[in-house]
Amino acid sequence: MMSKFLKRSMFMAIVLVLSGCMLIMTGCGSDTTTTIEKNEWGELNDYAIRIVSVEDTTFIKAISSSPITTQNNFMCILVEIKNKANYSRSISDYEFEVSNGNNTFDSKGTEAYWYAKEKDTLYPALYLNGSIDGNLSGKYYLVFETPSSSQSDSYTLVYEYGFDKLVFKI
């Protein structure tokens, strides 16, 4: 027969293991989601981010090759990103996705590159720009292929870092 001490010790060990599993499943209790309107700033991981503009198109002119087209929609999003740290930080277009309910859409780097070239602005695609120096900001294009336009459906742009998310209404 087990002693009361041994039973109590086994019970406490099981409770600790289950508590640890719950912390792992919930991201150690630190996961937060912040929802932001278009043109408003959201802050996460020393970055301040906002959506400047959104344009829908089915055609992107690639200067040195044939145009890029879709029967769906290219959602072209201009974001402004501020690095609030005192040192250079890297950020990638892969840290962003567009969501429509349960469907998510990854960024299209090549399309963003050509879209930025087509716009002939000072703003590059985030695709090839991986870092922002400390206390500086920049505007960058992201492109996503979606089944419908931003005007005809409810989409969000999601920036995720660890278990935390910024969700921008488009």
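Is T70 buried or exposed? Residues are numbered from 1 along each chain as its sequence is written, and side-chain values use heavy atoms, with hydrogens and water left out.

T70 is buried, because its relative accessible area is 11%, and buried here means under 20% relative accessible area, with exposed being over 50% and partly exposed in between, for a 1.4 Å probe and protein chains only. The residue lies in strand β4, where strands (E, at least two residues) and helices (H or I, at least four) are DSSP runs numbered from the N terminus. Its side chain makes a polar contact of 2.5 Å with the side chain of E145; a polar contact is a pair of N or O atoms within 3.5 Å, where within protein one must be able to donate a hydrogen and the other to accept it, and residues adjacent in sequence count only if both atoms are side-chain atoms. Setting aside residues up to four places away in sequence, T70 touches T57, T58 and E145, contact meaning heavy atoms within 4.5 Å.

Before going further, a word on confidence, where pLDDT is the predictor's confidence in each residue, from 0 to 100. The chain averages a pLDDT of 85, and 82% of the residues score at least 70. Over residues 21-29, however, the pLDDT is below 50, and this stretch has 4 contacts in the model beyond near neighbours in sequence. Where pLDDT is low, the predicted coordinates should not be read in detail.

Now to the sheet that holds β4. It is an open sheet of 4 strands in the order β2-β3-β4-β9, with antiparallel pairing, and two strands count as paired if DSSP finds at least two bridges between them. β2 (42-44) and β9 stand at the edges with a single partner strand each, so one side of each is left without a neighbour in the sheet. From one strand to the next the twist averages 35 degrees; for such angles, axes are lines fitted to C-alpha atoms, for helices over the stretch in contact, and the angles run from 0 to 180 degrees between N-to-C directions. Between β4 and β9, which run antiparallel, there are 10 bridges, and I77 stands opposite L142 in β9. Helix α2 packs on this sheet, touching β3, β4 and β9, and its direction makes about 120 degrees with that of β9. The buried residues of α2 (residues 109-119) are G109, E111, A112, W114, Y115 and A116, and the helix is followed by D120, whose phi is positive, near 55 degrees.

Leaving aside neighbours within four places in sequence, T146 is in contact with N72, N73, M75, V98, F105 and Y155.

The other sheet is also open, with 5 strands in the order β1-β11-β10-β6-β7 and mixed pairing. Its edge strands, each pairing on one side only, are β1 (33-36) and β7 (103-106), and its twist averages 25 degrees from one strand to the next. β6 (residues 96-100) runs antiparallel to β7, joined by 4 bridges, with N100 opposite N103 in β7. β6 also pairs with β10 in the antiparallel sense over 4 bridges, and there the bridge partner of F96 is Y159 in β10. 6 bridges join β10 to β11, again antiparallel, and in their hairpin, which has 2 residues between the strands, G162 takes a positive phi near 65 degrees.

Finally, the nonpolar cores, each a set of buried Ala, Val, Leu, Ile, Met, Phe, Trp, Tyr and Cys residues joined through side-chain atoms within 4.5 Å. The largest has 24 residues, and those with the most contacts inside it are I77, I81, F96 and L157. β3, β4, β6, β9, β10 (156-161) and β11 (164-169) each supply at least two of its residues. Apart from it lies another core, of 13 residues, including F74, C76, Y141 and V143.

How values were computed. Predicted model: local features only at pLDDT ≥ 70, side-chain atom pairs only at ≥ 80, totals over all residues.
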